[in-house]
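Colleague: Please take me through the aromatic pairs and the surface charge of this protein.

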Amino acid sequence: MNKIKGTKQRPRLSVFRSCRAIYAQIIDDQKGRTLVAASNFKLAVKGNKTVQARAVGELLAKKALKKKIKKIVFDRGSYRYHGRVKALAEGARKGGLIF
């Protein structure tokens, strides 16, 4: 059961991580539409998974700012705020997102 909901004013940043990849998307839950998405598969960043997660956060923030999305709600799912999830959030904050 998901308790965190995104609105048009503050869409939800949802994180999914697998063994090899990390995915992030900004979702408007009222319309059920993904506004922006990013993953580490389309990045040319070399390094460990934490470095790649931070780069995904920065890329997502850059895409979101182009679509005039500045404020979001962070949804980490069932993952602890630690490691790659934390790095992605820090990268998104560094990129200019507010949450």
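Predicted model: local features only at pLDDT ≥ 70, side-chain atom pairs only at ≥ 80, totals over all residues.

Colleague: Is K62 buried or exposed?

Modeller: K62 is found in helix 1, which covers residues 49-66. Its relative accessibility is 53%. The cut-off for exposed is over 50%, so K62 counts as exposed.

Colleague: Which residues gather with K62 in a patch of positive charge?

Modeller: The patch lies on the surface. Together with K62, its members are K42, K63 and K66.

Colleague: How are the rings of Y23 and F41 placed, stacked or tilted?

Modeller: The model has four aromatic pairs. In the pair of Y23 and F41, the ring centres are 6.1 Å apart and the planes stand at 55 degrees. Stacked needs planes under 30 degrees apart and edge-to-face over 60, so this pair is tilted.

Colleague: How many residues apart are Y23 and F41?

Modeller: Y23 is in strand 2 (residues 22-28). F41 is in the loop between strand 3 (33-39) and helix 1.

Colleague: Are the rings of F74 and F99 stacked or tilted?

Modeller: F74 is in strand 4 (residues 73-75), and F99 is in the segment after helix 2 (84-95). Their ring centres are 5.2 Å apart, with the planes at 20 degrees. That angle falls under the 30 degrees cut-off, so the pair is stacked.

Technical notes:
Residues numbered from 1 in each chain as written. Heavy atoms only, no water. Patch = residues over 30% accessible without salt bridge, like charges linked within 9 Å, V, L, I, M, F, W, Y side chains within 5 Å. Areas by Shrake-Rupley, 256 points an atom, 1.4 Å probe, with all protein chains shown as cover. Salt bridge = Lys/Arg side-chain N within 4 Å of Asp/Glu carboxyl O. Lys, Arg positive; Asp, Glu negative; His and termini not counted. Charge placed at Lys NZ, Arg CZ, Asp CG, Glu CD. Helix = DSSP H or I, 4+ residues; strand = E, 2+ residues; numbered from the N terminus. Buried < 20%, exposed > 50% of the residue type's maximum accessible area, 1.4 Å probe, protein only. Phe/Tyr/Trp six-rings, centres within 6.5 Å; stacked < 30°, edge-to-face > 60°.
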